[in-house]
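Hello,

Here is the structure I promised to hand over. My notes on it follow below.

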Amino acid sequence: MTETTGTQTKTVIFLTSAEGIEAVELTDPWKAVTDAGHTAKLVSPEGGEVQLFNHLDKAETKTADATVADIDPAQVDALVLPGGVANPDLLRQSDEAVQFIKKVYEAGTPVAAICHAPWVLAEAGIVSGKRVTGFDSIETDLRNAGAEWVADQEVVVDGNLITSRNPDDLPAFNGAIVEALEHGVAAAQG
């Protein structure tokens with residue numbers, strides 16, 4: 001790895017489905033991690049083009065850098081799961097993606113999910129006993145998966161899980177991701 005302003009450049013994987021990604025929840029954290037000197041890669045189960053949305057309106061497309069099968073979970077320094085309603089719903093139906101998330105989480109690597117994306121964390125079975133937040137409509141799903149729901153915080157960090165509620169929380173979400181990359185997940189909790 002190369003040196004970048006006193007810290008090592010780290011690899012941040014942005015995992016999405018092929019459809020329904022809330023654009024700003026991908027592009028804003030992407031900019032934050034690359035501005036901090038880290039490498040961002042877009043990964044999807046299928047590879048190829050992924051369709052971003054501005055709420056319910058189609059936005060630009062992006063080309064995935066790799067498929068989930070191409071990425072070794074041990075080589076991931078952080079995993080970011082953007083929201084949108086359709087994106088995490090489709091992603092949680094991919095056993096390969098769900099198992100990848102679980103392996104990254106179990107390695108102690110920071111896993112960040114915003115808006116509806118914590119649905120995928122529930123599918124991976126990694127929220128039980130954890131403090132999490134997300135879009136208010138998924139509260140029951142996360143509680144049913146054993147999570148402790150936090151409604152009134154922009155960002156919640158519990159162990160190596162980082163969660164936020166919606167695009168309004170992106171500054172706090174991005175800050176927690178960069179902090180975890182540069183100083184570890186314990187620093188991001190502070």
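**Strand pairing**

Isoleucine 13 stands opposite lysine 41 in β5. The model is predicted: local features need pLDDT of at least 70, side-chain atom pairs count only at pLDDT 80 or more, and totals for chains, interfaces and linings use all residues. Residues are numbered from 1 along each chain as its sequence is written, and side-chain values use heavy atoms, with hydrogens and water left out.

That isoleucine–lysine pair belongs to β3 (residues 11–15) and β5 (residues 39–44), which are parallel and share 5 bridges. Strands here are DSSP runs of E, at least two residues, numbered from the N terminus. Two strands pair if DSSP finds at least two bridges between them. β5 also pairs with β8 (residues 66–67), again in the parallel sense, over 2 bridges. There, serine 44 faces threonine 67 in β8.

Another set is an open sheet of 3 strands, ordered β4-β6-β7, with mixed pairing. β4 (21–22) and β7 (57–63) are the edges; each has a single partner strand, so one side of each has no neighbour in the sheet. β6 (residues 49–54) and β7 run antiparallel, joined by 5 bridges. Valine 50 sits opposite lysine 62 in β7.

Threonine 163 is in β14 (residues 161–164). Its relative accessible area is 1%, so threonine 163 is buried (under 20%; exposed is over 50%, partly exposed in between; 1.4 Å probe, protein chains only). Its side chain reaches the backbone nitrogen of threonine 133 at 2.9 Å. Contacts of threonine 163 (heavy atoms within 4.5 Å), leaving aside neighbours within four places in sequence, include Ala113, Leu121, Val156 and Phe173.

Asparagine 160 lies in the loop between β13 (155–158) and β14. It is also buried, at 8% relative accessibility. A polar atom of its side chain is 3.0 Å from the backbone oxygen of tyrosine 105. Beyond residues up to four places away in sequence, asparagine 160 touches Tyr105, Gly108, Thr109, Pro110, Val111 and Val185.

Best wishes

Key:
Helix = DSSP H or I, 4+ residues; strand = E, 2+ residues; numbered from the N terminus. Polar contact = N/O pair within 3.5 Å; in protein donor to acceptor, adjacent residues only side chain to side chain.
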